[in-house]
Amino acid sequence: MIEDYPRTLMEMERRFSKDEACRQYLFALRWPEGFACPRCSGNRAWQMSRGLVLCGDCRLQVSITAGTIFQDSHLSLTTWFRAMWCITSGKNGVSALGLQRVLGLGSYKTAWAMLHKLRRAMVRPGRDRLQGTIEVDETYWGSEEDGVIGRHTEDKALIVVAAEEAGRGIGRIRLRRIPDLTKDSLHSFIANAVEPGSTVRTDGLNAYRGLEGYVHDRQVQRHQPEGEYLMPRVHRVVSLLKRWLLGTHQGAIGQEQLDYYLDEFAFRFNRRKSASRGKLFYRLAQQAVRVAPAPFSSLVTPQHLGGG
Ligand SMILES: [Zn+2]
């Protein structure tokens, strides 16, 4: 399927003003090679009303949105499409309060749940790992110097960050919250985030020792000149991350939900050079029909599967 997406807000509004148009778009994203029945693998399909497709072979009725993040939602697909546009079109995304206002939603909770469901679609299943030379370092979130005020500040969260070297700049990134600075936690993050054979640059922390399958460029910390950092790319990513968490979301993020904000941050950062914001909309919609639905209860007590 050719990457087909609206380029501007006007295009989006015109094209997706009816649920039926949204459903056709999701249908094409879900079955890019043409319909395949989940029961009999038949390819003949009849579009019925209410978003149902009838298998021409075994007569199974398949809902276009079943098994996607849009399943069982009481909101219209046009509302969902506008939410996807809001979250992908701005450089910094949108807060739940911002989304509630833009869409005129009745409750903050609805806006909050929508954003969290969409964040589930921001981790690409089976995505590629980072390659080349990768800086890896950790940071804390939630300490007093981050300026986080409120009831979420009892615990600090430990976040590990991997950033690809791209000349003097930064390539792609991965982030994940980890429970501790042990060898297990750090090595398993690296195994998930970085392609074997790559060069992994870390500081002198002992827990990084014994990294197997990688070239380990271990930099023993010496005095750094003012304004210079041992891991300049990770340092830059961390400062952008904290600015975003504090700016767009006012730091009001529970420890349990932090993982999903990290996913959103990485999703946006890794596509920051996309020529069109519409391409982010496309990617988000594409992944939204591929991830399992997330009931509200699982948003409040998440089971995180992604990571960075
Ligand atoms: Zn069938």
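What covers the buried residues of helix α6? Before we answer, a word about what you are looking at. This is a predicted model, in which local features need pLDDT of at least 70 and side-chain atom pairs count only at pLDDT 80 or more, while totals for chains, interfaces and linings use all residues. Residues are numbered from 1 along each chain as its sequence is written, and side-chain values use heavy atoms, with hydrogens and water left out.

Let's start with the whole chain. It holds 10 helices and eight strands; these are DSSP runs numbered from the N terminus, with helices being H or I of at least four residues and strands E of at least two. Of its 308 residues, 49% count as buried, meaning under 20% relative accessible area, whereas exposed means over 50% and partly exposed lies in between (1.4 Å probe, protein chains only).

Now find helix α6, residues 183-193. Its buried residues are Ser185, Leu186, His187, Phe189, Ile190 and Ala193. The cover over them includes the strands β4 (133-141), β5 (157-166), β6 (169-178) and β7 (199-202). Contact here means heavy atoms within 4.5 Å.

Next, turn to a pair of helices. Two packed helices are described by the angle between their axes and the distance between the axes. The axes of α3 (residues 77-89) and α9 (residues 278-288) come within 9 Å and cross at roughly 130 degrees. That makes α3 oblique to α9, because angles under 35 degrees count as roughly parallel, over 145 as roughly antiparallel, 65 to 115 as roughly perpendicular and the rest as oblique. Axes are lines fitted to C-alpha atoms, for helices over the stretch in contact, and angles run from 0 to 180 degrees between N-to-C directions. From α3, the contact is made by Phe81, Met84, Trp85, Ile87 and Thr88, and from α9 by Gly278, Leu280, Phe281, Leu284 and Ala285.

Finally, look at Glu3, in the segment before α1 (9-15). Glu3 is partly exposed, with a relative accessible area of 30%. Leaving aside neighbours within four places in sequence, Glu3 is in contact with Lys279, Tyr282 and Arg283. Although Glu3 and Arg283 are 280 residues apart in sequence, their C-alpha atoms are 9.1 Å apart in space. The side chain of Glu3 makes polar contacts with the side chains of Lys279, at 3.0 Å, and Arg283, at 3.2 Å. A polar contact is a pair of N or O atoms within 3.5 Å; within protein, one must be able to donate a hydrogen and the other to accept it, and residues adjacent in sequence count only if both atoms are side-chain atoms.
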